[in-house]
Amino acid sequence: MAHSPRIVFMGTPDLAATVLSRLVAGGVGEVVGVVVQPDRPVGRHLELTPPPVKVEALKHGFPVLQPLKAREPEFLEKLRGWAPDVVLVAAYGQILPQSLLDVPPHGCLNVHTSLLPRWRGAAPIQWAIADGDAESGVCLMRMEAGLDTGPVVATLRTPISDQDTGRTLHDRLAILGGQVVVENLRRYLSGELKPEPQPVEGVTYARKITREDGRLDWTM
């Protein structure tokens with residue numbers, strides 16, 4: 001790709017804000033717009049609070065869209081208007097419909113915080129620790145309609161130590177998420193990197209963490 005690629009970024013929490021910040025610093029393309037979940041009431045006083053990615057986007061002066069659902073026709077029309085070469089997704093928080101996946105000519109790439117196909121789904125960081133995994137990592141994968149089933153463009157790994165918590169691993173994977181994008185996005189867009197299908201063996205699912213998962217049995 002001769003011109004600087006036009007990138008739309010989709011993400012919501014801290015982890016995604018770190019990836020966006022690294023993407024901008026890495027200078028691998030032009031961010032033409034950012035898509036974030038709507039502002040939510042937070043804290044005891046339920047103040048309407050913008051998600052971390054919105055804060056990061058506005059800091060750089062990027063246009064921001066916050067659709068209630070990613071399948072809204074009006075939103076998809078605006079997304080097409082941004083004419084992205086690629087849509088980059090990190091912890092956006094919604095399943096993307098095929099109508100959105102079809103918008104960019106180079107598809108939608110997701111930064112997923114596990115070593116796929118292990119821990120597809122909502123809480124891969126927490127379940128990697130809970131299950132005693134020796135390592136974790138990030139995959140840059142091309143999205144398709146299934147849940148984290150798409151082919152993988154690039155992977156970066158990190159060991160999990162006995163001292164790691166969900167937070168320490170989260171913060172490390174956020175930085176690796178930015179790194180995997182900066183190092184590999186242009187190579188993918190130029191056709192140098194081809195997405196590899198995930199192995200059929202070793203598939204596990206990381207369901208959402210519930211309040212019950214946080215209960216301690218003090219008799220143990």
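Colleague: Is Glu192 buried or exposed in this model?
Modeller: The model is a predicted one. Exposed means over 50% relative accessible area. Glu192 has 53% relative accessibility, so the residue counts as exposed.

Colleague: Which residue meets the side chain of Glu192 in a salt bridge?
Modeller: The N to O distance in this salt bridge is 3.0 Å.

Colleague: How far apart are the closest N and O atoms of Arg215 and Glu212?
Modeller: Arg215 is exposed, at 55% relative accessibility, and Glu212 is exposed too, with a relative accessible area of 52%. The two residues form a salt bridge. Their closest N and O atoms are separated by 2.9 Å.

Colleague: Where do the buried residues of helix 2 lie, seen down its axis?
Modeller: Helix 2 covers residues 52-59, and its buried residues are Val53, Lys54, Glu56 and Ala57. Seen down the axis of helix 2, these residues fall within an arc of 165°. They therefore line one face of the helix.

Colleague: Which elements do the buried residues of helix 2 pack against?
Modeller: One of these elements is a helix, namely helix 1 (14-26). Strands also take part in this packing.

Colleague: About how many helical turns separate Glu56 and Lys59?
Modeller: The side chains of Glu56 and Lys59 meet in a salt bridge, at 3.1 Å from N to O. Glu56 is buried, with a relative accessible area of 11%, whereas Lys59 is exposed at 61% relative accessibility. The two residues are 3 apart in helix 2, so their separation is about one helical turn.

Colleague: Which residue with a positive phi follows helix 2?
Modeller: The phi of this residue is near 75°. The residue is Gly61.

Colleague: Where is Ala83 found?
Modeller: Ala83 has a positive phi, near 50°, and is a residue other than glycine. At 41% relative accessibility, Ala83 is partly exposed. Its place is the loop between helix 3 (73-81) and strand 6 (86-90).

Colleague: What is the phi of Ala91?
Modeller: Ala91 sits in the loop between strand 6 and helix 4 (98-101). Its relative accessibility is 35%, so Ala91 counts as partly exposed. Although Ala91 is not a glycine, its phi is positive, at about 50°.

Colleague: How do the residues lining the largest pocket divide into nonpolar, polar and charged?
Modeller: The largest pocket has a volume of about 870 Å³. Of its 32 lining residues, the closest to the centre are Ala91, Tyr92, Gly93, Gly121 and Ala122. Strand 7 (108-112), helix 5 (124-130) and strand 11 (205-206) are the elements that give two or more residues to the lining. The lining divides into 19 nonpolar, 9 polar and 4 charged residues.

Colleague: What is the omega of the cis peptide bond that joins Leu116 and Pro117?
Modeller: Pro117 lies in the loop between strand 7 and strand 8 (120-121). The peptide bond between Leu116 and Pro117 is cis, with an omega of about 10°.

Definitions and conventions
Residues numbered from 1 in each chain as written. Predicted model: local features only at pLDDT ≥ 70, side-chain atom pairs only at ≥ 80, totals over all residues. Heavy atoms only, no water. Buried < 20%, exposed > 50% of the residue type's maximum accessible area, 1.4 Å probe, protein only. Helix = DSSP H or I, 4+ residues; strand = E, 2+ residues; numbered from the N terminus. Arc of directions from axis to C-beta. Contact = heavy atoms within 4.5 Å. 1 Å grid on protein atoms, 1.4 Å probe; cavity = no way out; pocket = protein on both sides within 12 Å on 5 of 7 lines; lining within 4 Å. Points joined across faces, edges and corners; volume = space filled by probe spheres on them. Nonpolar A, V, L, I, M, F, W, Y, C, P; charged D, E, K, R; others polar. Salt bridge = Lys/Arg side-chain N within 4 Å of Asp/Glu carboxyl O.
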